[in-house]
Amino acid sequence: MGCRDVHAATVLAFLSGTASVAGLLAAVLLPNWRQMRLYTFNKNEKNVTVYTGLWIKCARFDGSRDCVIYDPQWYTAVDQLDLRVLQFALPLSMLTAVSALFLCLVGMCNTAFVTSVPNIKLAKCLVNSAGCHLVAGLLFLLACAVCLTPSIWVIFYNNYLNKIYEPVFTFDISVFIAIASAGGLFFTSVLLFLWYCACKSLPSPFWQPLYSHAPSMHSYASQPYSARSRLSAIEIDIPVVTHTS
């Protein structure tokens with residue numbers, strides 16, 4: 001596996017990262033982070049389930065899809081600490097993952113379309129694909145940590161609410177989507193790290209996503225004049241003339 005080849009691991013990492021970002025977007029928009037079941041003992045009435053999301057809240061009767069109470073301004077009055085943290089953590093995780101996807105795409109395009117011997121005049125503008133994949137892997141890992149930690153906290157905070165109030169709170173499908181998306185981000189970072197570790201020919205330091213010099217520039221450079229003069233002085237063959245009688 002070389003740095004100059006578009007490997008299946010990088011393509012799979014890009015697809016996995018895209019799917020994870022789509023999952024995070026669904027988890028952010030769905031109003032299914034927490035359910036609160038309200039029971040009634042009146043046979044003429046139905047139980048009510050309150051669906052709580054990060055931005056909206058919806059109350060429905062059992063067996064109905066229509067919201068009896070729909071609160072689109074819920075995001076301004078969130079009174080649950082875990083959901084308030086998620087309002088900042090998940091968009092930040094998405095932004096970080098999108099930046100990593102852009103770096104991953106730049107690295108793949110550079111590997112596919114850039115020639116092996118770069119132009120000396122454009123050496124400062126060349127992109128190191130290995131460095132791009134490494135930084136993208138770090139960003140995917142950061143996005144995973146930012147998403148996973150508050151998503152798991154929702155489960156423990158749900159148990160905390162049940163202890164303080166009545167056991168009517170349950171976490172909903174958005175929690176599982178967010179955790180699965182965080183797992184996809186972690187899998188993407190592992191793929192990029194494995195590709196990078198298997199890449200042996202690095203044209204620049206491993207932390208540097210841009211070339212500090214053209215990789216093949218020094219191999220074609222001529223030696224200094226002083227070195228050539230010293231070598232030429234050593235390598236001069238002086239003819240020896242002998243006189244015969």
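The model is predicted: local features need pLDDT of at least 70, side-chain atom pairs count only at pLDDT 80 or more, and totals for chains, interfaces and linings use all residues. Residues are numbered from 1 along each chain as its sequence is written, and side-chain values use heavy atoms, with hydrogens and water left out.

**Exercise 1. Overview**

Work out how many helices and strands the chain has, and in what order they run.

*Solution.* Start with the rule: helices (H or I, at least four residues) and strands (E, at least two) are DSSP runs, numbered from the N terminus. This gives six helices and five strands. Reading from the N terminus, the order is α-β-β-β-β-α-α-β-α-α-α. As for burial (under 20% relative accessible area; exposed is over 50%, partly exposed in between, with a 1.4 Å probe and protein chains only), 38% of the 245 residues count as buried.

**Exercise 2. The partners of β1**

Find which strands pair with β1, and in which sense.

*Solution.* Two strands pair if DSSP finds at least two bridges between them. Take β2 to begin with: β1 (residues 34-38) and β2 (residues 48-52) are antiparallel, with five bridges, and Met36 faces Val50 there. Next comes β5 (residues 169-171), which is joined to β1 by three bridges, also antiparallel. In this pairing Arg34 is opposite Phe171.

**Exercise 3. The rings**

Describe how Phe171 sits against Phe176.

*Solution.* Rings of Phe, Tyr and Trp (its six-membered ring) pair if their centres lie within 6.5 Å; planes under 30 degrees apart count as stacked, over 60 as edge-to-face and the rest as tilted. The whole structure holds five such aromatic pairs. For Phe171 and Phe176, the centres are 5.7 Å apart and the planes at 55°, so this pair is tilted. Phe171 itself is partly exposed, at 28% relative accessible area. Elsewhere, ring pairs connect Trp153, Tyr157 and Tyr160 in a cluster.

**Exercise 4. Helix α3**

Compare the span of α3 with its expected value, and locate its kink.

*Solution.* The expected span is 1.5 Å times one less than the number of residues. With 36 residues (129-164), α3 reaches 53 Å between its first and last C-alpha, close to the expected 52 Å. The kink in α3 is about 25° and is centred on Ile155.

Conventions. Bend = angle between axes of the 7 residues up to and from the residue.
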